[in-house]
Amino acid sequence: MEAPEAKTTASLFLQTLGGASSTIPPMWFMRQAGRYLPEYRALREKAGSFLDLCFSPDMASEVTLQPIDRFDLDAAILFADILLIPHALGQSLSFVAGEGPQLAPPTRAADLDAYQKRDVVEPLSPVFETVRKTRERLADDKALIGFAGAPWTVATYMLEGRSSRDPSVLRLRYYQDPDFITSLMAILVDKTVDYLIAQIDAGADAIQLFDTWAGGLPRDVLKVLSLDPMMAISKAVKKARPDTPVIMFPKGVGEKAVDYALSPQTDAIGVDTAMEPSWAREYLSRHTVVQGGLDPLVVVAGGDMMREAVSAILNQFDGAPYIFNLGHGFVPATPPEHVADLVAYVRSGDWRSAKKDARR
């Protein structure tokens, strides 16, 4: 993939998604707003419950903007949850302290019929109000990322009724009852398209699809349960809103990431912690923009270890269209001051000196 030099525009992030390279890459972080920030914890306590926080546009917008205010990042990502779509479909959802989400799994075709008949746009209108409020408060040079969980990852929660401890159980369910699983996936594709288009219409500049549980699926099953549904969503979104870039994040798929990168529906691909940056540069950058790769735990450690890890990634992608990010989200133990050091180091350009020093 040829990488034209970035021009001065309102949003370096969006220019990079368009294929431009830059001296210092744009950056944002998965889970950049969350439990590691004291201001988030204070607002979370004020909200009462996690769902109340998600459905309060004023508070959700404030959470979305907290890391921008603190770290001056290039993009904000909507504060919401991937399970809001099941909630809108009528599946009972609660978040239990220490246990995470709790859902009532669908068991019959009649459950799926009920989901198909439900509209998700109206019940999720507070989310779109959050997008509008956030976009109004963001500077022009900051992008706003909307998002959704990919159908397979959302389905694992819906079918297991909680955070999946062993997603292979759901893979077995697919082998035993493929019609039920693919019917649920088709519903999630349609409803996710509606949800994302509404986010875009409210002011989202780009979209990211998270497929956290894509890893471990055999290639033929991966195509049915992850790749094809994600590309179907992107194709429909792009048909309706052609100027909106879509970032794919299929975590844990290894070399099968090439299948995602080759698709014209992919504007960028997020790479996880386990992926070798040199491999991603060689086999993914020729097809699409690459994003991410830094181990979030190295940010917990901070210091020289963090700077060395950052330098290794940035020097690998120097000259290519690349968005600096993590290989997964920040963990609660992350010191905010380490995030500030990380941002300052990326923006300083000192990582280029680290490359020169390594050659001596």
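Analyst: Start with the elements: helices (H or I, at least four residues) and strands (E, at least two) are DSSP runs, numbered from the N terminus. By that naming, Q265 is found in the loop between α12 (257-261) and β7 (268-271). This is a predicted model, so local features need pLDDT of at least 70 and side-chain atom pairs count only at pLDDT 80 or more, while totals for chains, interfaces and linings use all residues. Residues are numbered from 1 along each chain as its sequence is written, and side-chain values use heavy atoms, with hydrogens and water left out.

User: What is Q265 in contact with, leaving aside its neighbours within four places in sequence?

Analyst: Contact means heavy atoms within 4.5 Å. With those neighbours set aside, Q265 touches M231, S234, K235, K238, V246 and M248.

User: What makes K238 and D267 a salt bridge?

Analyst: The rule asks for a side-chain nitrogen of Lys or Arg within 4 Å of a carboxyl oxygen of Asp or Glu. For K238 and D267 the N to O value is 2.4 Å. The pair links distant parts of the chain: K238 sits in helix α11 (residues 219-240) and D267 in the loop between α12 and β7, 29 residues apart. K238 is buried, because its relative accessible area is 16%. By this rule the count comes to 14 salt bridges.

User: How do you know that R70 and E39 form a salt bridge?

Analyst: Their closest N and O atoms are 2.8 Å apart. R70 lies in helix α4 and E39 in helix α2 (residues 38-47), so the pair ties together parts that are 31 residues apart in sequence. R70 has 38% relative accessibility, so R70 counts as partly exposed. E39, at 25%, also counts as partly exposed.

User: What puts the buried residues of α7 on the same side?

Analyst: Those residues are V127, F128, T130, V131 and T134. They cover an arc of only 150 degrees around the axis, so they fall on the same side of α7. The arc is that of the directions from the helix axis to the C-beta atoms. On the other side, E136 and R137 are exposed. The buried residues pack against α4 (57-71), α5 (84-88), β4 (143-149) and α10 (178-202).

User: How do you know that the span of helix α7 agrees with its number of residues?

Analyst: The expected span is 1.5 Å times one less than the number of residues. The 13 residues of α7 (residues 125-137) should therefore span 18 Å, and the end C-alpha atoms are 19 Å apart, which agrees.

User: How many aromatic pairs does the structure hold, and why is Y174 with Y175 called tilted?

Analyst: The structure holds twelve aromatic pairs. Rings of Phe, Tyr and Trp (its six-membered ring) pair if their centres lie within 6.5 Å; planes under 30 degrees apart count as stacked, over 60 as edge-to-face and the rest as tilted. The centres of Y174 and Y175 are 5.8 Å apart and the planes are at 50 degrees, so the pair is tilted.

User: What makes F210 and F249 edge-to-face?

Analyst: Their planes are at 80 degrees and their centres 6.1 Å apart, so the pair is edge-to-face. F210 is in strand β5 (residues 206-211) and F249 in strand β6 (residues 246-250), so the pair ties together parts 39 residues apart in sequence. Both F210 and F249 are buried.

Definitions and conventions
Buried means under 20% relative accessible area, exposed over 50%, partly exposed in between (1.4 Å probe, protein chains only).
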